[in-house]
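Let's read a protein model together, one feature at a time.

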Amino acid sequence: MISLIKRRKWTFLSILIVLIIVLTFILLPGKGAVTYEVATSKIMNLTEEVSVTGRVIPQSKADLSFERSGNIERISVKVGDSVKGGQIIATLESSDLKAQLKGAEANVLAESAKLSDLVKGTKSEELAVYQQKLMSSESDFSNSMRDALTKVEDAITNKTDILFNNAQTVNPRINIRTENKTIEDDINSQRLTLTEKMSAWRAALSVNAIVNTDSPRIITKDSLSMAKKYFDSLANIVNVLSVNNSGLSQTYIDSYRASVSTAQAEFNLALTSENNSESAWKIADNELTLQKSGNTSESIQVQMARVEQAKASVLQIESTLAKSVINSPINGIVTKSVPDVGEVVNAGVNVFSVMSDDVFKLEVQVPEADIAKVKIGDKAKTTLDAYGSDVFFPSTVTSIDPAETMIEGVATYKVTLYFDQKDARVRSGMTANIDIMTDKRDGVVSVPFRAIYEVNGKKVVKVQNGKIYTEKEVTVGLKGSDGNTEIIKGLSEGELVVTFSSK
């Protein structure tokens, strides 16, 4: 009985063990079992693309500055205005240069006339004419210097001394608030020095034959130069006055500005008259000297040189005048206008900017790993963040920089693209997403890139044939941007290739 029980017990245990083993095989994969995912090789059109991000910039942009320092006389544009190439944007005050130019041009005519007379020859009675002309010009020049003295004194005492306390003493003090004490001390010093200079000028012009000596002419030029600096300094002070920074009413401010402006105008008239009179006197003096020297070949050569020198003076003044004007170098839109009329600007300081308004380009940095794929002429699909990813702006690669640009330790190369068409929606500074099409294959056998792997340095794929999986060596071509790769050799259309295995 015990033996029977033992046999039944072992039989039950054996059946239980068998059931456990069977269930294990049914419910769990067998050890070493492999599952596969496959894909079918297909005939496809493949495109290789390099995707980068960049910005829209104008085709051209110009930052503009004056080539000489001075006061802004006129600004012809404002930010947002359209301009043409060569259009005047702003000018500096240059009345003194214009007066010099007129004198220089007159000198050219005079010297040329002398040369013509030399070639013709001079008669004795003509010398008397030249002598009389010189005497008349001497008298005019003397009178013009005295007239200049009178006008400048009037401009100082009757037009600008209202801005000072004790103006004509040894301790003049400007009676309006300035930006800082340095400016105040400087204008006070100028007013004191000018009082002394005017006294010396009057003394020098008190003699009769003032043209025949150098001192009156020198002190006249020196005094005019000092007076110009003084009037310009006062203009700079009153032009920045406001009710808030000066404590003065607008009526007083306008009155001060008008007084200084009138003084400057009176001074400029005196300066122009004096310059013209001096030029006329020099011309008359040179003419008489030339006529007295005779008409030798040497004198003719000397006069020819004087004509050329006079022409050179005109060119030099014209060149300086040109530096007083800013012209737009391109057709475009004004994007920057810093100064106001009356302000002093320094040479070389960027005060205006213009950018082209109808042609834009894209600049992108392509990593070293992709730059070999990109070439000039490649087409690109471009989208702008402002208009979303479904609005395309076709573009074309136009240039590739030969030198690298290091960005965070990675070598990149600047690539420039131009939009294929003008589009009013495109604006400078917009962020652009660019897919450059670098290569294309039509109607080629292709498989997913993940189906390809390497064995002993060779590219292979695993092909399914029923329940049998075999490796095939393949030659690969273009890797498309959609994740598929061209198979040049080793596969035909319709074969099943493994893309994933669980082992």
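The dialogue below turns to salt bridges and then to pockets.

Q: What kind of model is this, and how are its residues numbered?
A: This is a predicted model, in which local features need pLDDT of at least 70 and side-chain atom pairs count only at pLDDT 80 or more, while totals for chains, interfaces and linings use all residues. Residues are numbered from 1 along each chain as its sequence is written, and side-chain values use heavy atoms, with hydrogens and water left out.

Q: How many salt bridges does the structure hold?
A: Side chains of opposite charge can pair when their charged atoms come close. The structure has 25 salt bridges (a side-chain nitrogen of Lys or Arg within 4 Å of a carboxyl oxygen of Asp or Glu). One of them joins Asp423 to Arg425, with the closest N and O atoms 2.8 Å apart.

Q: Where do Lys114 and Glu111 lie?
A: Both sit in helix α2 (residues 95-120), three residues apart, which is about one turn of the helix. Helices here are DSSP runs (H or I, at least four residues), and strands (E, at least two) are too, numbered from the N terminus. The side chains of Lys114 and Glu111 form a salt bridge at 3.4 Å, N to O.

Q: Which parts of the chain does the pair Glu274 and Lys221 link?
A: Their side chains meet in a salt bridge of 3.1 Å, N to O. This pair links distant parts of the chain, 53 residues apart: Glu274 is in helix α7 (residues 250-293) and Lys221 in helix α5 (residues 214-239). Lys221 and Glu274 also belong to a network of salt bridges with Glu278 and Lys282.

Q: Why does Glu274 count as buried?
A: Glu274 counts as buried because its relative accessibility is 0%. Buried means under 20% relative accessible area, exposed over 50%, and partly exposed in between (1.4 Å probe, protein chains only). Lys221, at 32%, is partly exposed.

Q: What is the volume of the largest pocket, and which residues are closest to its centre?
A: Rolling a probe the size of a water molecule over the atoms shows where empty space is left. The largest pocket has a volume of about 730 Å³. Of its 26 lining residues, the closest to the centre are Gln100, Lys221, Glu278, Ser279 and Lys282. A pocket is an open set of points on a 1 Å grid over the protein atoms alone, where a 1.4 Å probe fits, with protein on both sides within 12 Å along at least five of seven lines; lining residues have an atom within 4 Å of a point. Grid points are joined across faces, edges and corners, and the volume is the space filled by probe spheres set on the points.
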